Each structure stands twice: as C-alpha cells, then as structure tokens.
Amino acid sequence: MRDSRSWHPPRWLGPLAIAGVVLALYMALLYAPEERTMGVVQRIFYFHVGAAYNAYLAFFLVFLSGVAYLVRKRWQWDALAQSAGESGVVFTALTLISGALWARPAWNAWWTWDPRLTTTLIMGFMYVAYLLIRAGIDGEERRARVASVYGIVCFLNVPLVHYSAKWWRGLHPIVIDTRGARPVLNMDPAMAWALLAAVVGMTLVHAYVLAHRFELELLAVRVRRLKERLHLSTE
C-alpha cells in the first residue's frame with residue numbers, strides 16, 4: 001500500500017455508486033416481474049442478497065488484511081481490517097433487518113431459528129466481538145496482532161453461513177442449485193438480472209463507504225502517532 005499521505009478515494013467512485021444504485025432500483029422495482037406467490041414484498045430479496053454478499057465481502061477483506069498484516073507487519077493492512085470489519089457489521093445488520101421485513105409476510109414471523117438466520121446472527125455477534133476486542137486492547141502492534149488472528153478465525157464461520165441452507169434444509173430457498181452437473185438458477189432470467197444489478201449497486205456503495213472509512217482510519221493512525229511523538233518530546 002502507498003503511504004497514507006498520498007492515498008485518497010477516487011473521485012469517480014461516488015458518481016459510479018449513485019449510477020449503480022439508480023440502476024439497481026429500476027431493475028428491482030420496475031424491470032423484474034412480480035413474484036406470483038409473495039407479490040411485491042419479494043422485491044426486498046434483491047437488496048437482502050446484496051447486503052449479505054457485501055457482508056461476506058467485507059469479512060473476506062478482514063481475513064485477507066489479517067493475513068497480510070501478520071506477514072508484512074504494515075499498519076495500513078490493520079487499518080483496512082478495522083474499516084472492513086465495521087462495514088461488514090453494518091451489512092450484516094442490513095441483511096438481518098431486510099430478512100425480517102421479508103419474513104413477516106412470507107413466513108408470518110419476524111424471526112425463526114432457521115439455520116441460515118441463526119448462523120448469520122452468530123456471525124454478526126462474532127464480528128461485533130472483533131470490533132470490541134480492537135477497542136479494548138492497548139498498544140498498536142499488540143492490538144493489530146490479536147485482531148488479525150481473531151479476524152482470521154472468525155472467517156471460518158462465513159462458509160458455514162453460506163452453505164447452511166443447503167446442508168440443513170431450512171426455510172431459505174436455494175436460488176442456485178449446484179447439485180447437478182451444471183448450476184441451475186431457480187428464478188426468472190429478468191429476476192436474475194435484477195439480482196445482479198442490486199448486488200453490483202450495493203457493492204459500489206460499499207466500495208465508496210469503505211474507501212472513505214479507510215482514509216479516515218489512516219488519518220486517525222497518523223494523528224495518534226503525532227500525539228505520541230509530541231507527548232514524548234515534552235517529557
């Protein structure tokens with residue numbers, strides 16, 4: 001990574017994220033056909049999946065950044081892990097909230113102990129604990145080392161969440177069936193395009209937010225180091 005003083009989020013990322021959101025809203029609300037059984041409420045599905053995908057993506061970044069920090073010992077990787085951990089918790093919360101809004105009319109319940117719901121909730125708690133660990137450990141190097149190891153261990157739960165609906169056959173439908181020789185998409189092609197647009201749109205928003213949060217974290221580390229130097233120089 002480049003030095004924090006020379007890194008800024010690209011200016012084109014904001015307009016691109018706005019365009020992605022507009023396209024996703026059009027595809028999900030107008031282009032995709034209405035589902036026969038659930039009706040209009042099914043349109044939450046596109047953004048629900050988009051939020052879940054971005055939670056996975058954020059936690060994968062935590063995992064990669066943790067490995068990179070342990071190998072390279074560069075604090076920029078730890079700053080990226082901090083930023084991705086926060087965005088991952090936000091997208092996990094959005095996944096659970098949108099799922100509850102969808103479940104109420106679909107299953108007649110805000111919450112059930114479905115395997116995927118349960119494992120997603122556990123995943124969210126694990127990464128909230130990750131952020132609490134980061135906040136509770138003194139010493140920059142020790143905090144980064146412990147958080148990196150914990151972030152790597154936490155990621156082991158992500159595949160469990162993803163495959164839980166297939167392994168334990170809960171209430172969640174299997175959208176992509178991979179049991180045969182070739183994957184089968186269990187939805188109308190127009191719905192598939194709307195899903196792709198929603199995932200891409202939310203990913204662009206995630207990239208925009210994460211880039212700015214990462215920039216702030218880099219600046220925060222620099223400020224902490226400057227304060228430490230000033231404190232040492234006045235003693």
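Reader: Among contacts in the protein between residues at least 6 apart in sequence, what percentage join residues at least 24 apart?

Author: The model is a predicted one. In it, 75% of the contacts between residues at least 6 apart in sequence join residues at least 24 apart.

Reader: How are two packed helices described?

Author: Two packed helices are described by the angle between their axes and the distance between the axes. Take helix 2 (44-72) and helix 3 (75-107) as a case. Their axes come within 7 Å and cross at roughly 160 degrees. An angle over 145 degrees counts as roughly antiparallel, and helix 2 and helix 3 are therefore roughly antiparallel to each other.

Reader: What is the hand of that crossing of helix 2 and helix 3, and how do the residues of the contact divide?

Author: The crossing is left-handed. The residues of the contact of helix 2 with helix 3 divide into 21 nonpolar, 10 polar and 2 charged.

Reader: At what angle do the axes of helix 2 and helix 5 cross?

Author: Helix 5 covers residues 140-154, and its axis crosses that of helix 2 at roughly 135 degrees, the two axes coming within 8 Å. That angle makes helix 2 oblique to helix 5. The crossing of these two helices is left-handed.

Reader: Which residues make the contact between helix 2 and helix 5?

Author: Helix 2 contributes Val62, Phe63, Gly66, Val67, Tyr69 and Leu70. From helix 5 come Glu141, Ala144, Arg145, Ser148, Val149, Gly151 and Ile152. By kind, the residues of this contact divide into 8 nonpolar, 3 polar and 2 charged.

Reader: Where is lysine 73 found, and is lysine 73 buried or exposed?

Author: Lysine 73 is in the loop between helix 2 and helix 3. With a relative accessible area of 52%, lysine 73 is exposed, because the cut-off for exposed is over 50%. The phi of lysine 73 is near 60 degrees, a positive value in a residue other than glycine.

Reader: Is threonine 120 buried or exposed, and which residues is threonine 120 in contact with?

Author: Threonine 120 lies in helix 4, which covers residues 115-136. Its relative accessible area is 8%. Buried means under 20%, so threonine 120 is buried. Leaving aside neighbours within four places in sequence, threonine 120 is in contact with Thr92, Leu96 and Val161.

Reader: How far apart are methionine 126 and cysteine 154 in sequence and in space?

Author: Methionine 126 is also found in helix 4. In sequence, methionine 126 and cysteine 154 are 28 residues apart, while in space they are 6.6 Å apart, C-alpha to C-alpha. Not counting residues up to four places away in sequence, methionine 126 touches Tyr150, Cys154 and Asn157.

Reader: What is the relative accessible area of methionine 126?

Author: The value is 23%, and methionine 126 is partly exposed.

Methods. Residues are numbered from 1 along each chain as its sequence is written. This is a predicted model: local features need pLDDT of at least 70, side-chain atom pairs count only at pLDDT 80 or more; totals for chains, interfaces and linings use all residues. Side-chain values use heavy atoms; hydrogens and water are left out. Helices (H or I, at least four residues) and strands (E, at least two) are DSSP runs, numbered from the N terminus. Buried means under 20% relative accessible area, exposed over 50%, partly exposed in between (1.4 Å probe, protein chains only). Contact means heavy atoms within 4.5 Å. Axes are lines fitted to C-alpha atoms, for helices over the stretch in contact, and angles run from 0 to 180 degrees between N-to-C directions. Angles under 35 degrees count as roughly parallel, over 145 as roughly antiparallel, 65 to 115 as roughly perpendicular and the rest as oblique. A crossing is left-handed if the near helix is turned anticlockwise from the far one by less than a right angle, and right-handed if clockwise. Ala, Val, Leu, Ile, Met, Phe, Trp, Tyr, Cys and Pro count as nonpolar, Asp, Glu, Lys and Arg as charged, and the others, Gly among them, as polar.
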